[in-house]
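Biologist: Can you walk me through the salt bridges in this one? Keep it short, please.

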Amino acid sequence: MSDDAAVFQLSPDPDDARRRAQAAFETWRRQHGRQLPRSAEVEHVGATSIEGCETTGDLDIAVRVPEDDFSAARDYLDRTHKPNPRTARRKGFAVFQAPGYALDVSVQLVVTGDELDRLTDFRDALLADRSLLARYNALKRAYRGREMARYREAKAAFVRTVLGG
């Protein structure tokens with residue numbers, strides 16, 4: 001079954017999922033942060049970085065680097081992580097899966113200021129506006145038990161609306 005044919009499910013205990021994701025983030029940062037270029041900004045993004053947000057229980061990490069450091073960061077992550085087969089690489093953007101964790105860990109490498117450098121913007125918008133977070137949670141609950149592909153389409157539309165794109 002492809003990932004998009006999977007059923008979208010939420011964690012029954014988002015607070016516990018958030019604690020586990022934060023612990024995994026701290027472990028990942030200790031293991032990999034010093035191996036990345038010094039300019040790299042490593043941030044916990046996604047639902048588990050936001051108190052009160054419904055979550056599947058995975059961990060999303062944003063690694064933001066200047067364009068000059070992108071190749072070095074990508075080369076390191078190529079050696080230590082698996083490429084995400086669902087996301088096409090392009091200049092200034094690549095997504096990886098971190099092996100060896102009890103939860104799914106996705107690492108998005110992006111050039112700072114790139115058009116795809118919006119993960120922290122979306123997280124920060126949800127942190128700043130509780131009514132926006134409530135709408136996002138309602139969207140997630142509405143897609144629980146439905147096809148992952150349908151949820152991803154709805155989420156992408158929501159993100160575009162929030163970020164004005």
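Modeller: Start with Arg150, which forms a salt bridge with Glu153. The closest N and O atoms are 3.0 Å apart. Bear in mind that this is a predicted model.

Biologist: Where do Arg150 and Glu153 sit along the helix?

Modeller: Both are in helix 5, residues 148-163. They are three residues apart, so about one helical turn separates them.

Biologist: OK, networks next. Which residues are joined by salt bridges that share partners?

Modeller: Asp16, Arg19 and Arg20 are joined into one network that way. Within it, the side chains of Arg20 and Asp16 meet at 3.0 Å, N to O.

Biologist: How many residues apart are Arg20 and Asp16?

Modeller: Four, about one turn of the helix. Both lie in helix 1, residues 14-32.

Biologist: And how accessible are Arg20 and Asp16?

Modeller: Arg20 has 41% relative accessibility, so it counts as partly exposed. Asp16 is partly exposed too, at 28%.

Biologist: Switching topic. What does Asp124 pair with?

Modeller: Arg123. Their side chains form a salt bridge of 2.9 Å, N to O.

Biologist: Is Arg123 buried or exposed?

Modeller: Buried. Its relative accessibility is 12%, and the cut-off for buried is under 20%. Asp124 is partly exposed, with a relative accessible area of 36%.

Biologist: Last one. How many salt bridges turn up in the whole structure?

Modeller: The search finds 14.

How values were computed:
Residues are numbered from 1 along each chain as its sequence is written. This is a predicted model: local features need pLDDT of at least 70, side-chain atom pairs count only at pLDDT 80 or more; totals for chains, interfaces and linings use all residues. Side-chain values use heavy atoms; hydrogens and water are left out. A salt bridge is a side-chain nitrogen of Lys or Arg within 4 Å of a carboxyl oxygen of Asp or Glu. Helices (H or I, at least four residues) and strands (E, at least two) are DSSP runs, numbered from the N terminus. Buried means under 20% relative accessible area, exposed over 50%, partly exposed in between (1.4 Å probe, protein chains only).
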